[in-house]
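Dear colleague,

I am passing on to you the structure that follows, together with some notes on what was found in it. Please read the notes with the model open beside them.

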Amino acid sequence: MVSISRARVTDVPALRKLEQRVWKDAAVMGRYEDGNLVRFVYAFIAREKRKIVGVILGMKTAKGELYV
């Protein structure tokens, strides 16, 4: 069963591994964003058997729009 929850700072290393698998070594997220990724962005993760299998990010703009 897949569960969805808000990402935590402790999830960032696993999110990095998922990013590397998906993008084949291309760092999409900058290293400086590690902590900010889950503090200031709407970040939700999908877990299956305690393994992260997906992530969705949403960012609110100055105009109040949400980009996913």
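The strands form an open sheet of four, in the order S1-S2-S3-S4 and with antiparallel pairing, where two strands pair if DSSP finds at least two bridges between them. The edge strands are S1 and strand S4 (66-67), each of which pairs on one side only. Helices (H or I, at least four residues) and strands (E, at least two) are DSSP runs, numbered from the N terminus. Strands of a sheet pair through backbone hydrogen bonds, either parallel or antiparallel.

Before going further, please keep in mind that this is a predicted model, in which local features need pLDDT of at least 70 and side-chain atom pairs count only at pLDDT 80 or more, while totals for chains, interfaces and linings use all residues. Residues are numbered from 1 along each chain as its sequence is written, and side-chain values use heavy atoms, with hydrogens and water left out.

Within the sheet, S2 and S3 are joined in the antiparallel sense over seven bridges, and Arg47 has Ile52 in S3 as its bridge partner. Ile52 counts as buried because its relative accessible area is 7% (buried means under 20%, exposed over 50%, and partly exposed in between, with a 1.4 Å probe and protein chains only). Leaving aside neighbours within four places in sequence, Ile52 is in contact (heavy atoms within 4.5 Å) with residues including Asp11, Ala14, Leu15, Leu18 and Arg21. The C-alpha atoms of Ile52 and Lys17 are separated by 9.5 Å, although these residues lie 35 residues apart along the chain.

Ile52 also belongs to the largest nonpolar core, whose six residues are Ala7, Leu15, Leu18, Ala43, Ile45 and Ile52; such a core is a set of buried Ala, Val, Leu, Ile, Met, Phe, Trp, Tyr and Cys residues joined through side-chain atoms within 4.5 Å. The elements that give two or more residues to this core are helix H1 (12-23) and S2.

Asp11, which is placed in the loop between S1 and H1, is counted as buried because its relative accessibility is 5%. Not counting residues up to four places away in sequence, Asp11 touches Arg6, Ile45, Arg47 and Ile52.

Is Ile4, by contrast, buried or exposed? Ile4 is found in strand S1 and counts as exposed, because its relative accessibility is 60%.

With kind regards
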